[in-house]
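This briefing goes through two surface features in turn. Please have the sequence and the structure open while reading.

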Amino acid sequence: MSKFIIRRALGLIPLLFGIVIISFVLMKAAPGGPAQQFQRNPRVTQTQIDEWLKRWCLSADASPAAAVKEFAGWFGIYNCNTESIFSEKGGLNFLPSSLGGGGNGIIHGDFGYSIDAGRPVLEMITERMPATLMLTSIALILWVSIAILLGVVAAIKRYSFFDQAVTFFSYVFYSLPIFWLGLMMIFLFAVTLRILPPQGIVTPRAWPPFNTDVYWAAFGRNPIGAIIDIGRHLILPVTVLVLANVAGDSRFVRASMLDALNQDFVRTARAKGLPNRTVVMKHAFRNAMLPVVTNVALEIPFLFSGAIVTETIFSWTGMGLLFIDGVGARDYFLLMGILLITSAIIVIFNLVADVVYAVVDPRIRYD
Amino acid sequence: MTLTVERATNVGPPAADVLLDVRDLRTYFHVMDGLVKAVDGVSFTIKRGETLGIVGESGCGKSVTSLSIMRLLDIPPGEIASGEIWLDGQDLLTLSPEEMREVRGNDVAMIFQEPMTSLNPVFTVGDQITEAVVQHTRMSKKEAWNKAIESLRLVGISNPERRVKQYPHELSGGMRQRVMIAMALSCDPKLLIADEPTTALDVTIQAQILELIRKIQDETDSALMLITHDLGVVAEMVEDVAVMYAGRIVERGTVEDVLVRPKHPYTEGLLTSIPSKGMRGSRLNVIKGTVPNPFNMPKGCNFAPRCPYRFEPCGAYDPRIEDAHPPDVACWLYTPAPGQTSAPRQSGPERQAGPMTTGAPT
């Protein structure tokens, strides 16, 4: 097993490399870029722009050679100051600085600065992550549990009124666009009924911005009040996420459970005279959960990448909103930082899914 | 036009030496295209400790009969439209689902066709046997575990202490079928139903498994109902045999009577279609035509369209084994048809023993 994990972990490196190259190419292919971004600010002089671009190996030139140089600089193979693959100390740039390498690029832990905000990318990501994790993990736990419950009951009571109702509402919520659903919820609960806040993580006049030092100080003074405040803000975005995702997942669980219930071993279990509950919840359920485990493991990266549409609609200052703002501003370093971190989490959770799969299914052996 | 004949209707429980008494069982399936009469009036009995083989081709209703006895059919689409199934003095069809659960695995145990898929892949063999034992006896988990090891040893699995902790995928097909048999035997059932227990296995393993079932049936004195399409298996394994065609029993009797002197043209056709050494080079005999469409059963005798001996009454009247005079074959060749005074035949054509024995696994 450990051999399998090591082999797979090593295989992740070229995979991640491929992912970042493709994302970089796609990003470069889009019109606009940092140079144009600076042009919008009249107080920035051309000299400052040139210096900044040089610092990050960027150029206004759109040739493929320039793009390769930009990528190599971001990655840390190319040194932007010496304009070569050697560092100031004379060693190959990709080596650790202690061995004579340079200090730039992600392989040296330097994710760069946000062009728009002028702050380190890593700092911005860590600042936004808690808000996203809070929203997405609550939503994921809720929708997975509800989906399993609905899916299993629908499978057991196949073609019953309950099953038909679950099917009907699944299709309804699966088809409704999230942005419309979100807006309608805001309209109904925040604007018309005025029982829930329309957007944000905290009430702006009562609490400082979420996840700042001032906020945590205020949180310490009145934790219950703070939790209630966040809780009220969570209800609408969590509901939207749950409604939209329960639909697909409950269909998946239902199909998987029906499949398991039709297996020969379920008939064997009945032939042994086991009570129906044991047959369904032990024999069928355990087998039905095998594909569901994979499915849920693949949904976990969503916890970190954030829900772009939901966060935008509810002004939830998390990763999704950070990403969409980065796209708008052509903020290369911010986008690449987020893409790298989320794709790393995706591939790591793929590996975790494989390992968990081996634990729940004795037929799988990885040696 | 249907024929109504006064039938000897059994009322109340059967005699004490009769373990299983199936009376006029009718199991129907309500499907999209209509009603399928998978079992359409089947009656038979098995005495304590005796063996009965049910033969017939795919789709003749033999598996549905066994699943009806176990009440393991999905209802709906299935429906046991009528009939009585007396097991050990109680009519299984009148039991509540709870009471029926006590019977399953305890009084009647079943061995299925597919050992590869009949065991749950995510539980150990021991867990799956223990489960049945704990369900039906007062044994503790520990005692049941030991019982599982003991029953694995009984079915000839070597090193049962190790095997009991293994998962089904770690065992071969023959081994899994042994586990299924061990599971079926773990609660000492009075009736063992084996539904094509060797169909999915290698020929070499088939003989071993059949021998094991026979040996165990001998030793435990439980009754055996063996469902198969293999006449060779029937010849080797059981004393009595019932031949099914299109949801009905068309002929029954002892193995010698039915396999050596088949009366029903269908049984005869089955026996002559078995390839044998002596027939090498010549064309294989086949029963012409196909099994009737369940939505469009022929008028009169179900087998008539394929029957080489058909004559006038066959297309008009439906022969029932219950009405037969020597009461063992549903055919107008042996029972005078309505409006006729005598039947064309008194006994079946004598056959050489050849094809029957060559069909057996050797």
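Predicted model: local features only at pLDDT ≥ 70, side-chain atom pairs only at ≥ 80, totals over all residues.

Leu183(A) counts as partly exposed because its relative accessibility is 45%, a value that falls between the limits of under 20% for buried and over 50% for exposed.

- Leu183(A) lies in helix H7 of chain A, and together with Phe179(A), Trp180(A), Met184(A), Ile308(A), Val309(A) and Ile324(A) it makes a nonpolar surface patch of about 590 Å².
- The most is given by H7(A), which contributes 4 residues to the nonpolar patch.

**Largest pocket**

- The volume of the largest pocket is about 1,100 Å³, and among the 27 residues that line this pocket, those closest to its centre are Arg270(A), Leu72(B), Leu73(B), Asp74(B) and Ile75(B).
- At least two lining residues are supplied by each of helix H5 (121-156), helix H9 (223-261), helix H10 (264-271) and helix H11 (276-299) of chain A, and likewise by helix H2 (97-103) of chain B.
- H10(A) provides the largest share of the lining of the largest pocket, namely 4 residues.
- Sorted by class, the lining of the largest pocket consists of 15 nonpolar, 9 charged and 3 polar residues.

Conventions
Residues numbered from 1 in each chain as written. Chains lettered and ligands numbered in written order. Heavy atoms only, no water. 1 Å grid on protein atoms, 1.4 Å probe; cavity = no way out; pocket = protein on both sides within 12 Å on 5 of 7 lines; lining within 4 Å. Points joined across faces, edges and corners; volume = space filled by probe spheres on them. Nonpolar A, V, L, I, M, F, W, Y, C, P; charged D, E, K, R; others polar. Patch = residues over 30% accessible without salt bridge, like charges linked within 9 Å, V, L, I, M, F, W, Y side chains within 5 Å. Areas by Shrake-Rupley, 256 points an atom, 1.4 Å probe, with all protein chains shown as cover. Salt bridge = Lys/Arg side-chain N within 4 Å of Asp/Glu carboxyl O. Buried < 20%, exposed > 50% of the residue type's maximum accessible area, 1.4 Å probe, protein only.
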